[in-house]
Amino acid sequence: MAGDAPYGLIEEAAIAVTPDGILWTGAEADIPAAVAHYPRHDLGGRLVTPALIDCHTHLVHGGNRANEFEMRLMGASYEEVAKAGGGIISTVRATREASEEDLIAAALPRIDTLIAEGVSTVEIKSGYGLDIDTELKMLRAARRLAALRPIEVHTTFLGAHAVPAEFKGRADAYLDEVCIPALKAAHEEELVDAVDGFSEGIAFTPAQIARVFDAAKSLGLPVKLHAEQLSNLGGAAMAASYGALSLDHLEYLDEPGVQAMASAGSVAVILPGAFYAIREKQVPPVGLFRKHNVPMAVATDLNPGSSPMNSLLLAMNMACTLFRMTPEEALAGTTRNAATALGLTDRGVIAPEHRADFAVWNAEHPAELSYRFGFNPLHQRIIGGWIDIPLA
């Protein structure tokens with residue numbers, strides 16, 4: 001959507017498209033002569049938005065962690081679960097045991113659910129292998145999903161997600177012997193669009209992550225970071241110094257960290273699913289992001305442990321109800337700002353010279369997309385200017 005009204009909403013609008021992108025958009029009464037002869041497709045007065053973008057997922061993985069869900073309900077904290085051999089490490093075991101075909105078969109229902117909610121672009125991270133072979137296997141599986149479904153996949157290398165059991169107490173050795181070599185191997189296979197890490201007491205220090213970022217920058221790859229989720233280690237400011245595309249979670253981020261993000265142009269990726277699932281109390285500093293004009297994206301963080309949530313529409317609702325984002329911010333967070341968080345400039349808005357990727361909703365007003373939960377108002381997707389064929 002484009003325009004000066006709230007949400008950029010244009011009433012009784014028209015969009016002129018080709019498979020190459022959007023040519024024109026505006027009020028139907030103002031259709032220019034150059035496109036007036038184009039074939040028309042009547043959307044019946046429905047709401048049209050940019051197709052949604054889920055900019056933070058761990059969609060490819062083996063197994064599930066329903067048992068840990070029970071543990072947390074019995075009083076165990078996220079950190080206690082991790083120290084007991086659960087958490088990320090338990091998914092590592094399951095992912096190492098799964099074949100590439102197993103990972104794809106398990107991921108397809110998850111990606112189909114996102115497609116059914118109007119998602120056209122999804123980011124998928126590695127990070128459940130923590131050895132060279134499995135990290136590459138995950139990235140190959142993620143790339144193959146884009147050939148099997150009408151969705152664009154952007155892959156992120158997350159080798160610095162956790163220290164595997166075989167390197168316990170030797171995080172730097174893991175980075176030297178596994179993580180950085182795996183990154184280089186993945187880049188050689190053209191499997192990586194960006195590089196991520198997890199800076200936290202149960203993972204890596206900012207200084208250790210900086211070593212991974214140095215390797216990423218030497219390969220010409222952009223970076224992003226899971227930061228300040230459980231404590232404030234200064235990871236966000238460190239990542240901002242590398243020009244990070246995004247900083248994600250950020251519940252414990254302070255104002256100097258927000259200012260560093262603002263200076264770097266980094267996007268704050270808000271992940272209410274993880275906040276909800278692990279019953280956190282500290283909310284991300286949404287007011288500070290507004291104060292310093294840091295753009296906010298919203299994503300599912302779809303993963304088997306801390307955010308087993310497979311709905312971007314629900315993430316939008318939760319960003320509003322839990323963090324008091326506005327419905328307009330939530331929609332921008334799953335379109336324009338989500339695109340920016342992935343370093344993409346060709347989508348996320350309905351404007352000339354952008355991709356003709358739309359979601360058509362059985363709704364009258366954009367606020368309805370964040371208002372309801374447990375309800376999907378999608379009428380259809382239009383991808384590349386073509387009406388999407390429903391999945392069998």
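**Entry 1: the largest pocket**

A pocket, as I use the word here, is an open set of grid points with protein on both sides within 12 Å along at least five of seven lines, and its lining residues have an atom within 4 Å of a point. With that in hand I opened the structure, reminding myself that this is a predicted model.

I looked up the largest pocket and noted a volume of about 1300 Å³. Its lining is made of 39 residues. I wanted to know which of them lie nearest the centre, and found Ala13, Ala14, Ile15, His41 and Leu43.

Which strand gives the most to this lining? I found that strand E1 does, with six residues. I then sorted the lining of the largest pocket by class and got 25 nonpolar, seven polar and seven charged residues.

**Entry 2: the second largest pocket**

Next I turned to the second largest pocket, which has a volume of about 530 Å³. I noted 20 lining residues, with Ala82, Ile89, Val163, Lys168 and Ile202 nearest the centre. Helix H2 (78-83) and helix H3 (88-97) are the elements that give two or more residues to this lining. The largest share comes from H2, with three residues. By class, I recorded 12 nonpolar, five polar and three charged residues for the second largest pocket.

I then checked one pair up close. Strand E13 (residues 378-383) pairs with E14 in the antiparallel sense, over two bridges. Across that pair I saw Ile382 opposite Ile387 in E14. A reminder to myself: the strands of a sheet pair through backbone hydrogen bonds, and the pairing can be parallel or antiparallel.

**Entry 3: the eight-stranded sheet**

Is the pairing in the other sheet parallel or antiparallel? Here I found eight strands in an open sheet with parallel pairing, in the order E4-E5-E6-E7-E8-E9-E10-E11. Strand E4 (52-54) and strand E11 (296-298) are the edge strands, each pairing on one side only. From one strand to the next, the twist averages 25 degrees.

I picked out strand E7 (residues 194-199) and strand E8 (residues 224-227), which pair in the parallel sense over two bridges. In this pair, Phe198 stands opposite His226 in E8.

Helix H6 (residues 171-188) touches strand E6 (152-160) and E7, and its direction makes about 165 degrees with that of E6. Helix H12 (residues 312-323) touches E4, strand E5 (119-125), strand E10 (267-270) and E11, and its direction makes about 80 degrees with that of E4.

Last, I zoomed in on Thr134, which I found in helix H5 (residues 132-148). Is Thr134 buried or exposed? Its relative accessible area is 5%, and the cut-off for buried is under 20%, so Thr134 counts as buried. Leaving aside neighbours within four places in sequence, I listed Thr95, Arg96, Tyr128 and Gly129 as the residues in contact with Thr134.

Methods
Residues are numbered from 1 along each chain as its sequence is written. This is a predicted model: local features need pLDDT of at least 70, side-chain atom pairs count only at pLDDT 80 or more; totals for chains, interfaces and linings use all residues. Side-chain values use heavy atoms; hydrogens and water are left out. Helices (H or I, at least four residues) and strands (E, at least two) are DSSP runs, numbered from the N terminus. Buried means under 20% relative accessible area, exposed over 50%, partly exposed in between (1.4 Å probe, protein chains only). Contact means heavy atoms within 4.5 Å. Two strands pair if DSSP finds at least two bridges between them. On a 1 Å grid over the protein atoms alone, a cavity is a set of points where a 1.4 Å probe fits but cannot get out, and a pocket is an open set with protein on both sides within 12 Å along at least five of seven lines; lining residues have an atom within 4 Å of a point. Grid points are joined across faces, edges and corners, and a volume is the space filled by probe spheres set on the points. Ala, Val, Leu, Ile, Met, Phe, Trp, Tyr, Cys and Pro count as nonpolar, Asp, Glu, Lys and Arg as charged, and the others, Gly among them, as polar. Axes are lines fitted to C-alpha atoms, for helices over the stretch in contact, and angles run from 0 to 180 degrees between N-to-C directions.
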